[in-house]
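Q: Hey, I'm new to this one. Can you walk me through it in plain words?
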Amino acid sequence: MSSDVQALIESAVGGNKEDLRTLLTQFYDQNQMLNAATGNSWLQPTNNNKQKAQTKPPAQAGISVTGSNGSYQIQITNPAQAVSATIIHEISYSPIKSFGGNVTTLPQSSSTSYTVPSPGATVYFRFRSSFDGVTWNNYTLASTSTISSGLQSSASVEPNVPLNQTNYATVDSVASGSAANVRVYGSSLYKQYNAVRGQNSYIRPSATLINVPLGSNGYVAYDTNKNRFRFQQDLPSTFPDGWEPVGSVSVVEGGIPSLPTIDPIISGGGIVGYNVTNQGNGITGPLTIIITDPGGPGTGATAGQQTIVNGKLISVAPGNAGSLYDSHTVVTASGGVGTGSTGGGGSIGQNSGRLYVPRGVLPT
Amino acid sequence: MSWRKAEEFLDKKTGEHCIRLHEPDTDAEHHVVIHVGHDACPHCGHVRPKNNLDELDPKALIADELDALEQSHAQAHSYAQKHSVPVLHSSGKIIPARR
């Protein structure tokens, strides 16, 4: 402090009003210059000595938002300033242009570069800026139209580590009276199995589900919330939080096994397709399909892949069309129907079993 | 017999009679779930009560399960005794062979 100023202060303290006026005028002028340079304004008259200084918001910054691979890339360009000061930004986004709801606001930050993961989103972005986090400039939309983040490429996902889910259980079924027992086990009957969830593995109990009705298709799940097994009629029912799908089992309905009937679809002398007119029942394996043309010259046709679901033939794909077939052509199915009584477990990761019990010969 | 019934209840909401069997030496569990709720036709979805509940004997069913579980356990136990092999308990302790 200079000796002149020191003398003015001492004089003002001593009661010289003229020197007090000079001192205050100099103080005012100095602060006016400072406010002009920094953008600050004078404190408002108040009794609250903790009141923060009112700060003019910064000039409008620039923003660029692009979306790709399931993420938004946000780049902010700060405005030029006469005096260097930290600018805080607040970015928010919403699917509604007016931001009337469903608004997500990112934490305030002085950073000018952001990455926001949000696969499959289509939203509007807006932002505002401030020096002190109290006084903000007006919201500015990054774009007047929505911006899509795009879908996340599988190539950018860490391979399998946190998503891996499998188990080493076998699920099968055996007849028991007029119903079936569904069994869940590990390496052998009554052995516990290992369930893998992400990077952890758990030992799960074995189980016997008794009195499951014949004719049902079921999915077995383990409810980790209550530590018990659940048998559901459809796969989505095994997806509540905390449930682990264990395996599927089909308990094929009882009934006299029957072979399907198949008509050929002939075009230009060749067999171009097969029409399954009766799906049959209790089919346990691939059928032998023979094509004959009694009294005719037809030759060379073969049937293709068979689709068998729940003991019924759903379709037969065409194989070689052959030639010279006519309306007398006959397609005969044989084999494929067994009298098995024990369901077999599927391979690891494809657990499924089936039970076929012909009517009248139910084990007791 | 080491295997025993540890818990049993009927969940009327799901129609399941749940039994938890436990073996303390290995801390192994085996669950038995007896379906006593309604059945639904797999084709038309028609629901009807189970008509075979009178035929079910849960005590016998549980006894059968315990027998099956115990057979394997007893065989291993006999083997250990016969050959004086110490047994690892689920607590982590190795129990010296009985002589």
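Q: Okay. Are E16(B) and R230(A) buried or exposed?
A: Both E16(B) and R230(A) are buried. They also form a salt bridge, with the closest N and O atoms 3.4 Å apart. A salt bridge here is a side-chain nitrogen of Lys or Arg within 4 Å of a carboxyl oxygen of Asp or Glu.

Q: Which strands do E16(B) and R230(A) lie in?
A: E16(B) is in strand β2 (residues 16-23) of chain B and R230(A) is in strand β16 (residues 228-232) of chain A, so this pair joins two chains. Strands (E, at least two residues) and helices (H or I, at least four) are DSSP runs, numbered from the N terminus. Through shared partners, salt bridges join R228(A), R230(A), D11(B) and E16(B) into one network.

Q: Where does the model come from, and what counts?
A: This is a predicted model, where local features need pLDDT of at least 70 and side-chain atom pairs count only at pLDDT 80 or more, while totals for chains, interfaces and linings use all residues. Side-chain values use heavy atoms, with hydrogens and water left out.

Q: How many salt bridges are there over all chains?
A: The count comes to 10. One of them links R128(A) and E90(A), at 3.1 Å between the closest N and O atoms. R128(A) sits in strand β6 (residues 122-130) and E90(A) in strand β3 (residues 88-94), both of chain A, 38 residues apart.

Q: And what about D172(A)? How accessible is it?
A: D172(A) is buried, at 2% relative accessible area. Its side chain meets R183(A) in a salt bridge, 3.0 Å from N to O.

Methods. Residues numbered from 1 in each chain as written. Chains lettered and ligands numbered in written order. Buried < 20%, exposed > 50% of the residue type's maximum accessible area, 1.4 Å probe, protein only.
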